[in-house]
Amino acid sequence: MLEARGVTKSFGGLLALDGATLTVSDGAIVALIGPNGAGKTTLFATLAGFLEPDSGTIGFAGGDVTGLPPHAIAERGMVRTFQITQPFARLSVLENVVVGAYLRTPHRGEAMERAAAVARRLGLGDRLNATAASLTVAGRKRLELARALATRPKLLLLDEVMAGLNPTEIGEIVAIVRRIRDDGVTIFLIEHVMQAVMSLAERVHVIAGGRIIAEGTPAAIASDAAVVEAYLGRGAARRMLHA
Ligand SMILES: Nc1ncnc2c1ncn2[C@@H]1O[C@H](COP(=O)(O)OP(=O)(O)OP(=O)(O)O)[C@@H](O)[C@H]1O
Ligand SMILES: [Mg+2]
């Protein structure tokens, strides 16, 4: 589904991605974990075409998407969510989701129907006409997911969709993400909530200093205490194993 090879990206003198290489296979739920500033969001932005890599290649769904703009990559089926959600605050929930649906149809009626169906599926059915600004943090995360899902992606890149949520809300999003995958969408997610990583992901990539430093099943990554402690801080391995 996705294959990144040697992806490098600098911001001035700062090397944010340093030859990042990884694959995400069809139909999987794969997690990307790593400390603050490791390059996670930069990697997603580069994969989805919001940043152009300095070097390296990005293969997606059988083609080369390196250097393509975001809309062209979205059309091929790879869509990201944003860590800092940025809905059109004064537009309604439905209108925000419609923005995603227009990627697949120019017809307003069809886009509205599609958007409403996706929003309902994400539990926003009773908020369709509320403004995005009126949503709680959890509601905004759902809206961000709905907007991305309305584009009918093959691969969803989810950037910390559980950050700032309480345990109940996290459990709900975990169930939603699993359902989306069961409907045939491959999931690649950045997550600091280890309990979610452990219960959702089949494979985990660990990034530190812009490099992928480990890859494996959640259990294998969690038991690689040296890796986990060194890059995620003391106590992280224990938290993962007991999540
Ligand atoms: N547009 C930018 N201009 C300059 N530096 C940037 C830019 N975007 C990110 N950086 C820097 O690149 C590095 C990687 O940032 P990135 O946002 O990818 O980290 P992250 O792993 O997503 O962190 P977090 O867990 O805090 O979200 C950081 O040092 C960050 O300050
Ligand atoms: Mg980030």
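Colleague: Which helices are among what covers the buried residues of α4?

Modeller: They include α3 and α5. Helices and strands here are DSSP runs numbered from the N terminus (helices H or I, at least four residues; strands E, at least two). This is a predicted model, where local features need pLDDT of at least 70 and side-chain atom pairs count only at pLDDT 80 or more, while totals for chains, interfaces and linings use all residues. Residues are numbered from 1 along each chain as its sequence is written, and chains are lettered from A and ligands numbered from 1 in the order in which they are written.

Colleague: Which residues of α4 are called buried, and what makes them so?

Modeller: They are Ala111, Arg114, Ala115, Ala116, Val118 and Ala119.

Colleague: Is α5 mostly covered or mostly open, and how do you know?

Modeller: Mostly covered, as 11 of its 13 residues are buried; Arg140, Leu143 and Leu149 are among them. These buried residues pack against β6, α3 (93-101), α4 (108-121), β7 (155-159) and α6 (167-182), where contact means C-beta atoms, placed from the backbone, within 7 Å.

Colleague: How does the reach of α5 compare with the expected span?

Modeller: The expected span is 1.5 Å times one less than the number of residues. Helix α5 (residues 137-149) reaches 18 Å from first C-alpha to last, close to the 18 Å expected. Likewise, α4 reaches 20 Å, close to the 20 Å expected for its 14 residues.

Colleague: What makes β3 and β9 a pair, and in which sense do they run, parallel or antiparallel?

Modeller: Two strands pair if DSSP finds at least two bridges between them. Strands β3 (residues 29-33) and β9 (residues 203-208) have four bridges, in the parallel sense, so they meet that definition. The open sheet has six strands in the order β6-β7-β8-β3-β9-β10, with mixed pairing.

Colleague: Why are some strands called edge strands, and which are they?

Modeller: They are β6 (78-80) and β10 (211-216), each pairing on one side only.

Colleague: What is the make-up of the shell around ligand 1?

Modeller: Four residues are nonpolar, seven polar and one charged. Nonpolar covers Ala, Val, Leu, Ile, Met, Phe, Trp, Tyr, Cys and Pro; charged covers Asp, Glu, Lys and Arg; the others, Gly among them, count as polar. The residues around ligand 1 include Phe11, Gly39 and Lys40, near meaning a C-beta atom, placed from the backbone, within 6 Å. Helix α1 gives the largest share, three residues.

Key. Buried ≥ 20, exposed ≤ 12 C-beta atoms within 10 Å, placed from the backbone. Contact = placed C-beta atoms within 7 Å.
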